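Hi,

Here is the structure I promised to pass on.

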Amino acid sequence: MNACRIPALLALLLAAVLATALWPAPATAQAVRNVQPLEFHDRAEEQRFHALTLELRCVMCQNQSLADSDAPIAHDLRREVFNLMREGRSDAEIKAFLVDRYGEFVLYRPQFGGSTLVLWLGPAFVLLAGAIVVIVVVRRRAAGNRAALDPVDDGQEW
Amino acid sequence: MSAQPPSTGTPAGPDRGRLLLAVLLGGGFLALVLLLAWGVSQSDRPDRESLPSPLIGRPAPEFSLPVLHDASYSVGTAELQGQPYLLNVWGSWCPGCQVEHPVLARYAETKAIRVVGYNWKDEPEDALRWLEQFGNPYWVVVADYEGGTAIEWGIYGAPETFLVDAEGIVRWKHVGPLSDDIIDTVVAPMVEGMRTGG
């Protein structure tokens, strides 16, 4: 009886382990396909490509740049950027091309204005508010100290 | 004789200043708390990482791709124009596509709209085997082997689903597996609206 149940229990356990291993499969996935490396004409082109892809975000793995990411869509997008460079498009045009298709999220440095105003001005605003608080506090303390010290200083030689 | 502290002369001045400072600081802190609370409340959305598509409200990108079942035919924006369609991006390599497959199949059976399969970066044999195994709910399946057209559509993962109206305007996009809830509350009413609204 027991001997018969143990394999069943083991199988159940195995199934559970397998299920937990497979469960957190990502909802969205990526095809796997190897792509041959890009061949640059010269060092300047390679540097330009590298600088450009560092400023572009990988849309799949959202916290990596296009230059760093190994996701297949990043391969495709790097090739697209490369081809656009070969077509003679400017950096701004290439960025606009990707923003048109994937949204402003692809830019690590979003454009100034509109919905990104808070993003750009927020830190400066917080810094300014902090500076005002510090100035007010320092001035008040200085005034308070002067008021408190004045009578004491009275009659002293120095 | 004793010097008067400047504050005693105008007692309302510094008090009002202090009150203003406290209100500003308190208000700022409260605003920050509200912002963070809003962020936390948004974090349980299953699609919190999906990017809003800039294509919404714009004409669908022009494309023409070979049909998976017979590559001598091509289907694209020109052939699909005139009636709305649901474009579903999938691949045999994609686990999420298996998850949504029964949902999509059930909705396709209602014949409310043409469901077009977009087989993305997939080997044709694998794709055909997948459809044989799980069933083919699609009106037609186009194959984008290289993934070039996918960039035009802003596709970055599978499954993704686009709703395009009769005029060829992209109306809606979903990233990730479709659920019955999404079909019932979002897709079906929009499709119904397209049929009745002309």
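Let's start with a backbone detail: just after H5(B), Gly135(B) takes a positive phi of about 100°. Helices here (H or I, at least four residues) and strands (E, at least two) are DSSP runs, numbered from the N terminus. Before you go on, note that this is a predicted model, where local features need pLDDT of at least 70, side-chain atom pairs count only at pLDDT 80 or more, and totals for chains, interfaces and linings use all residues. Residues are numbered from 1 along each chain as its sequence is written, while chains are lettered from A and ligands numbered from 1 in the order in which they are written.

Now for the helix itself. Which residues of H5(B) are buried? In this helix, residues 124-134 of chain B, they are Ala127(B), Trp130(B) and Leu131(B). They sit on the same side of H5(B) because they cover an arc of only 95° around the axis, taken from the directions from the helix axis to the C-beta atoms. Glu125(B), Arg129(B), Glu132(B) and Gln133(B), on the other side of H5(B), are exposed. "Buried" means that 20 or more other C-beta atoms lie within 10 Å of a residue's own, "exposed" 12 or fewer, and "partly exposed" in between, with C-beta atoms placed from the backbone. The cover over the buried residues of H5(B) includes strands E4 (114-120) and E5 (140-144) of chain B.

Chain A has five helices and zero strands. Of its 158 residues, 16% are buried.

Cheers

How values were computed:
Contact = placed C-beta atoms within 7 Å.
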